Structure formats: structure tokens, C-alpha cells
Amino acid sequence: TFVVTENCIKCKYTDCVDVCPVDCFHEGPNFLVIDPDECIDCTLCEPECPAEAIFSEDDLPDEQMEFLQINAELSQAWPVLSEKKDPLEDAEEWDGKPNKTPLLER
Ligand code: SF4
Ligand code: F3S
């Protein structure tokens, strides 16, 4: 499966959802997640993210491991997003900032 990681938080560019053939992205207030039971590993979303926040589970950096559980859990709680929308205000400013995980709104 593919996994959305920390750098999506407070950016939420949403370019990823337009290319997903199975609509497996789910939207929260300031973050998106992938439903691991729906993702077919097509790889299309990974290069689309301007924040480079999407990784294959196999390439997930060690410090982003907690996002496996976060994607699995929150995809069950949040609604599907299937069309691109405007990024969050200040997305450019937050892109690349460290330690955003505590800012994730559920
Ligand atoms: Fe969707 Fe493909 Fe990305 Fe999985 S890898 S989330 S199926 S676009
Ligand atoms: Fe997030 Fe990147 Fe998609 S910032 S919403 S994973 S395009």
C-alpha cells in the first residue's frame, strides 16, 4: 500500500486524489490519508504530491512508520475525497516544516 506522511499536514495540496483510480483518499481537516484496504499500488499518486508526502509502504522512512497506523485508522473515520480542491491557506509556508505531526487535526 501507499502511505500519506507528515509533510501533507497543513498543506493538503490534493493533487494526489485526481490520479487515484480507486478513490481511496480520505479527507480530514488538515491532512489526507490512504485506505490501505483499497489502494491497488498503482504508484500514480506518489509523483503528483508537491510536498513529496506519499511513500510506498516499502520505502517508508523509519521516522514516518507511525503513519501506517494513522492512515489505516483515519481512513475508516474520514470521508472520501475524489476531486482536487484548493490547498490549505499557507500551504507553501508549511511545506517542509519539521515536526508537524502534533498539528494533525482528527
Ligand atoms: Fe490510489 Fe494508486 Fe496512490 Fe494507491 S498508489 S493511493 S491506488 S493512486
Ligand atoms: Fe497531501 Fe500531497 Fe495529497 S500534500 S493532499 S498527499 S498531494
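Which backbone oxygen lies 3.1 Å from a polar atom of the side chain of Ser 75? In this predicted model, that oxygen belongs to Ala 72. Ser 75 itself is part of helix α2, which comprises residues 66-77, and its relative accessibility is 3%, so that, with the limit for burial set at under 20%, Ser 75 counts as buried. When residues up to four places away in sequence are left aside, Ser 75 touches His 26, Val 33, Ile 34, Asp 35 and Pro 36. Gln 64, by contrast, is 11 residues from Ser 75 along the chain, and the C-alpha atoms of the two are separated by 17 Å.

Ile 34, one of the residues touched by Ser 75, is also among the residues around ligand 1. By class, the shell around ligand 1 consists of 11 nonpolar residues and one polar residue, with no charged residue, and the ligand sits in the second largest cavity.

Ligand 2, in turn, takes up the space of the largest cavity. The residues around ligand 2 are Val 4, Cys 8, Lys 12, Tyr 13, Thr 14, Asp 15, Cys 16, Leu 32, Cys 49, Pro 50, Ala 51 and Ile 54. The shell around ligand 2 divides into nine nonpolar residues, one polar residue and two charged residues, whereas the shell around ligand 1 has no charged residue.

Note on methods: Residues numbered from 1 in each chain as written. Chains lettered and ligands numbered in written order. Predicted model: local features only at pLDDT ≥ 70, side-chain atom pairs only at ≥ 80, totals over all residues. Heavy atoms only, no water. Near = heavy atom within 4 Å. 1 Å grid on protein atoms, 1.4 Å probe; cavity = no way out; pocket = protein on both sides within 12 Å on 5 of 7 lines; lining within 4 Å. Sits in = over half its atoms within 2 Å of the grid points. Nonpolar A, V, L, I, M, F, W, Y, C, P; charged D, E, K, R; others polar. Helix = DSSP H or I, 4+ residues; strand = E, 2+ residues; numbered from the N terminus. Buried < 20%, exposed > 50% of the residue type's maximum accessible area, 1.4 Å probe, protein only. Contact = heavy atoms within 4.5 Å. Polar contact = N/O pair within 3.5 Å; in protein donor to acceptor, adjacent residues only side chain to side chain.
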